[in-house]
Amino acid sequence: MRSLVIFVWCVVILIFTCTASFQDLIHFGVLSFRWDGQPMFSEFLSPFPSAISKSLLFQKLGHIAAFHFLALLALMKFRSIPFILIMTASFAALTEVLQLYFSRGGRLFDIGFDLIGILAALGMVTIIRAKQSKQINFDN
């Protein structure tokens with residue numbers, strides 16, 4: 001069952017990242033896909049925009065939240081922190097590369113925002129596990 005929940009969340013992330021217009025999906029419920037067989041890979045290395053809007057901040061918080069939740073789901077299924085980090089970071093990179101093929105702006109810096117969410121989840125769990133381990137040792 002946990003694997004199914006992880007799979008469904010990954011599909012949700014893929015839909016959000018590959019839809020032709022995230023704004024149309026959020027504001028109007030319009031879900032559409034546009035395939036670009038020859039994407040501009042140079043866009044992947046574009047710098048972070050200098051003009052920061054509320055919409056941009058909302059998108060970046062979405063990256064952090066989506067991958068934070070994915071890491072938490074993975075933690076319910078797997079015990080290995082390094083495995084979860086590799087798995088979720090690889091999926092983050094895949095989603096950004098796929099965006100280039102779906103006429104969206106896949107960016108390297110967005111993987112960084114995804115990693116913030118992943119590392120926050122893994123860090124929280126590591127701290128909680130360490131505290132629980134210390135409590136168990138003190139009780140013995």
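Student: Why is Cys 18 called buried?

Tutor: Cys 18 has 5% relative accessibility, and buried means under 20% relative accessible area, with exposed over 50% and partly exposed in between (1.4 Å probe, protein chains only). So Cys 18 counts as buried. A word on the model: it is predicted, so local features need pLDDT of at least 70 and side-chain atom pairs count only at pLDDT 80 or more, while totals for chains, interfaces and linings use all residues. Residues are numbered from 1 along each chain as its sequence is written, and side-chain values use heavy atoms, with hydrogens and water left out.

Student: What makes Phe 16 and Phe 22 an edge-to-face pair?

Tutor: Rings of Phe, Tyr and Trp (its six-membered ring) pair if their centres lie within 6.5 Å; planes under 30 degrees apart are stacked, over 60 edge-to-face, and the rest tilted. Phe 16 and Phe 22 are 5.9 Å apart centre to centre, with 85° between the planes, so the definition makes them an edge-to-face pair. Phe 16 is partly exposed at 36% relative accessibility, whereas Phe 22 is buried at 17%.

Student: And why is the pair of Phe 67 and Phe 91 called tilted?

Tutor: Their centres are 6.1 Å apart and their planes 45°, which means that the angle falls in the tilted class. Phe 67 sits in helix α3 and Phe 91 in helix α4 (residues 81–101), 24 residues apart in the chain. Helices here are DSSP runs (H or I, at least four residues), numbered from the N terminus, as are strands (E, at least two). Phe 67 is buried at 2% relative accessibility, and Phe 91 is buried at 13%.

Student: Which residues form one aromatic cluster?

Tutor: Phe 33, Trp 35, Phe 41, Tyr 101 and Phe 102 do. The count of aromatic pairs comes to ten.
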